[in-house]
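Here is a plain walk through the model shown below. Keep the structure open while you read.

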Amino acid sequence: MTRKQKRGVLIGGGVATLCVALLLVLFALKDSIVFFHTPSDIVEKGVPPGQRIRLGGLVEHGSVVRGQGTTITFKVTDTLRDIPVTFTGVLPDLFKEGQGVVAEGMLDGEGRFKADSVLAKHDENYMPREVANALEAKGVKLGAGAHPGQVKAGMP
Amino acid sequence: MIVEFGHFALILALLVAVAQVVVPAIGAHLKDERMMRVADPAAVSQLFLIAIAFCALTHAYVTSDFSVLNVAENSHSTKPLIYKLAGVWGNHEGSMLLWVLILALFGAAVALFGNNLPLTLKARVLSVQASIAVAFLLFSLLTSNPFTRLDPAPPDGRGLNPILQDPALAFHPPFLYMGYVGFSIAFSFAIAALIEGRIDAAWARWVRPWTLAAWMFLTIGIAMGSWWAYYELGWGGWWFWDPVENASFMPWLAGTALLHSALVMEKREALKIWTVLLAILTFSLSLMGTFIVRSGVLTSVHSFAVDPARGVFILAILILFTGGGLALFALRSKDMQAGGLFQPISREGSLVLNNLLLVTGAATVLVGTLYPMALEGLTGEKISVGPPFFNMTFGPLMIPLLVALPIGPMLAWKRGDFAGAMQRLAFAFGAALVALVAVFAAEYRGPWLAPFGVALGVYVMAGAVVEWANRVKFGSAKSDEIIRRARNLPRSAYGTFFAHFGIGMLVVGIVATSAYREEHIQAMKPGDQITVNGYNVTFVGLEQARGPNYVEDIADFNVKRGGETVARLTPSKRLYDAPPQTTTESGILAAWRGDLYLVIGDAQPNGGYAVRAYFNPLVRFIWLGALIMFIGGGISLSDRRLRVGAPSRSRQPVAVPAE
């Protein structure tokens with residue numbers, strides 16, 4: 001092979017690999033990304049049932065019902081609207097009433113959210129940041145602990 | 001007083017670093033030997049000063065001096081000593097101090113052990129290295145000062161986040177930073193070479209040990225983080241494709257590519273320009289990782305506003321060094337001479353493929369990590385890019401890499417014999433086929449792709465063995481000849497063997513545990529039983545205990561196998577005193593064939609507990625594989641020809657004394 005051909009093979013291989021990677025990325029971005037919504041978003045935007053989404057907000061006080069085996073139901077609220085959530089499994093350590101939560105799953109036909117995972121972020125925040133920001137954007141007042149650097153000792 | 005002393009030492013270190021940037025650079029330009037020689041003592045004293053600052057902060061943590069803001073925010077008097085120490089870097093300010101400490105450590109190591117380096121190159125390398133130190137010392141002093149006082153001092157601190165109070169995580173950041181920051185040396189060498197406008201095989205010989213050392217620490221640092229996530233977060237997962245994890249994984253991928261391309265450059269003087277570019281990119285990805293983790297840009301671009309100074313500062317550093325490095329590369333790289341020629345089917349060709357796939361893989365991870373931030377910044381739409389994205393993009397790119405991995409070392413430099421390589425790998429193909437059939441037979445219900453994945457891992461492991469067997473003429477020579485050859489094989493060959501074998505193990509572990517994991521979630525009362533992969537698990541009861549700084553609900557499980565008790569597992573839930581937060585401690589029965597993994601959840605109204613039980617097949621292979629890769633790196637590093645600071649036969653430069 002001449003020098004030119006060798007270089008051609010190199011460049012051709014590189015371009016081919018990049019093209020494959022680009023196709024994979026575009027394909028994956030179409031299918032496997034998950035949008036984040038608050039309860040109000042879901043009502044306003046009319047998220048269709050069966051679409052995988054992340055639901056974020058606060059766990060409504062007094063809404064957590066444990067008991068039916070390992071299934072737990074609770075309500076996620078942004079203080080304007082709330083959505084009932086069912087989840088089967090073990091809740092993360094940071095899950096508490098009145099605190100922020102992100103649940104991933106989909107809506108059923110009757111306005112209930114079936115979560116297959118409930119997220120706890122392992123940073124020093126008591127509230128996942130995306131929840132805090134979404135709530136503040138809706139005009140919800142948050143106490144101390146919603147943002148890093150403000151976490152006070154003596155929080156419940 | 002000691003705290004102010006530390007603060008003062010940090011400021012002095014900044015001044016020394018500024019001198020180390022300027023004086024040797026001018027000296028190298030004017031060929032003034034005395035000015036160039038300033039670099040060595042400057043690098044060593046910079047390390048000394050930063051070490052004093054670090055010790056001062058450590059002292060404040062150990063003595064629980066809550067008049068220091070950083071200590072008051074992140075420590076607590078009742079914390080065990082080891083976590084007081086780990087608390088030093090368990091927070092933003094302290095971890096940035098550790099960052100500059102390790103940066104200075106590498107700089108000083110080059111100053112002390114790089115005696116064979118040409119004087120001008122060494123001066124320039126240390127000058128570039130010091131410029132990184134200046135940027136980060138400024139960042140530390142201006143936006144994240146760990147020595148800020150608090151008046152009046154609170155009676156006690158807020159405590160370290162309980163899930164960070166763990167031995168593996170205590171030492172995870174130092175190792176990770178040794179890796180991250182270690183790539184700064186490769187960057188400094190690359191920039192110095194571009195300034196010199198000259199680059200040769202000797203350059204690669206100098207860069208390789210440093211890159212290898214950084215790569216080793218990054219490997220073990222990532223593995224420790226993954227291991228911690230596995231047993232501490234209570235989800236039984238070992239990798240989450242979280243942006244924080246990706247931040248360390250991208251430099252690892254680029255660094256692995258750099259190791260291999262530097263090899264080509266050292267042996268064949270080919271891929272010179274590419275290697276320099278890769279050195280710049282690898283450290284840029286390390287800086288990007290620092291930016292992602294340290295700026296607060298992570299889950300939301302809006303939270304950038306929480307502390308804009310920090311985010312903007314690191315972004316400026318990132319732009320300065322990446323942009324500057326790439327600009328210099330664009331200006332100077334065309335002056336460099338292209339290197340040796342090779343056929344596509346050759347050792348070089350296979351290493352080019354390795355580089356291509358690793359770098360493309362790193363690029364897909366980069367897209368998946370930055371896309372949500374970019375989208376939110378542009379449209380306000382919030383999305384999350386989770387494991388499915390990375391499995392669909394990164395996964396397929398790694399398959400050809402793993403297929404080619406055992407073939408590459410079988411090919412000769414310059415022009416390889418593909419058919420011959422295939423023949424010699426017959427044993428590896430056979431081993432893979434046996435694994436394929438065995439896995440299909442054992443787990444016929446699982447996903448159909450999984451047995452192929454396990455077979456691929458076995459093929460890589462067997463390929464590493466075949467390469468070693470070939471080099472010692474196993475099977476064709478007499479036994480004493482084999483022993484002689486095995487003994488004479490250079491250590492770097494053993495390093496390659498271990499590293500490649502470790503990758504194979506890692507792949508087997510990842511595929512097996514992802515495809516065949518067993519999961520049960522059940523509400524259990526004392527006396528209840530569940531069966532998990534042949535283990536009979538009985539919930540005996542639950543009791544409360546008091547730890548050094550927490551109260552603990554400890555569940556007691558009796559684990560039987562074949563009628564005999566094999567273990568008692570005690571997963572627990574801890575409530576820490578400060579900050580008052582609960583953590584889940586898992587109960588794990590580790591074995592070669594897999595882990596039995598138990599966690600307890602919420603109390604049930606009827607007196608029972610929600611229990612999660614997993615069986616994670618071959619999950620130990622993941623960390624064991626990483627450990628073997630780390631050991632391989634160490635063996636390779638101890639090779640006489642590669643030893644740090646003792647590169648052989650360097651072409652002595654023309655050092656003109658200017659007196």
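**Ground rules and confidence**

This is a predicted model, in which local features need pLDDT of at least 70, side-chain atom pairs count only at pLDDT 80 or more, and totals for chains, interfaces and linings use all residues. Residues are numbered from 1 along each chain as its sequence is written, while chains are lettered from A and ligands numbered from 1 in the order in which they are written.

The predictor scores the complex with an ipTM of 0.76 and a pTM of 0.90. A word of caution: where pLDDT is low, the predicted coordinates should not be read in detail.

**The two chains side by side**

Some terms come up in the table. Helices (H or I, at least four residues) and strands (E, at least two) are DSSP runs, numbered from the N terminus. A residue is buried if 20 or more other C-beta atoms lie within 10 Å of its own, exposed if 12 or fewer, and partly exposed in between, with C-beta atoms placed from the backbone.

| Item | Value |
|---|---|
| Chain A, helices and strands | 3 helices and 6 strands |
| Chain B, helices and strands | 20 helices and 11 strands |
| Chain A, buried residues | 35% of 156 residues |
| Chain B, buried residues | 55% of 659 residues |
| Chain A, contacts with a separation of 6 or more that join residues 24 or more positions apart | 51% |
| Chain B, contacts with a separation of 6 or more that join residues 24 or more positions apart | 75% |

**Chain A: strands around β5**

Going along the sequence, chain A reads α-β-α-β-β-β-β-β-α. Strands count as paired if DSSP finds at least two bridges between them. Strand β5 (residues 100-107) of chain A runs antiparallel to strand β2 (residues 53-59) of chain A, with 6 bridges joining them.

β5(A) and β6(A) make a hairpin with 5 residues between them, and in its turn Gly111(A) has a positive phi of about 80°.

**Chain B: overall build**

How does the radius of gyration of chain B agree with that of a compact globule? The radius is taken over C-alpha atoms, and the globule rule is 2.2 Å times the number of residues to the power 0.38. For 659 residues a compact globule would come out near 26 Å, and chain B, at 27 Å, agrees. Along the principal axes, the C-alpha atoms of chain B fill a box of roughly 90 × 75 × 55 Å.

Chain B is divided into domain 1 (164-415) and domain 2 (518-619), with bounds that come from an automatic or database domain assignment. The C-alpha centres of domain 1 and domain 2 of chain B are 38 Å apart. Their contact takes 4 residues from domain 1 of chain B and 8 residues from domain 2 of chain B.

In chain B, 4 strands make an open sheet in the order β2-β11-β10-β9, with antiparallel pairing. β2 (518-524) and β9 (587-589) of chain B are at the edges with a single partner strand each, so one side of each has no neighbour in the sheet. β9(B) is joined to strand β10 (residues 594-603) of chain B by 3 bridges, and Ile588(B) has Tyr597(B) in β10(B) as its bridge partner.

Strand β7 (residues 572-576) and strand β8 (residues 582-585) of chain B pair antiparallel over 4 bridges. Lys573(B) is bridged to Thr584(B) in β8(B), and a hairpin of 5 residues joins β7(B) to β8(B).

**One residue: Val293(B)**

Val293(B) lies in helix α11 (residues 272-294) of chain B. Is Val293(B) buried or partly exposed? Val293(B) is partly exposed, because 19 other C-beta atoms lie within 10 Å. Leaving aside neighbours within four places in sequence, Val293(B) is in contact with Val244(B) and Ala247(B). The C-alpha atoms of Val293(B) and Glu245(B) are separated by 9.4 Å, with the two residues 48 apart along the chain.

Note on methods: Contact = placed C-beta atoms within 7 Å.
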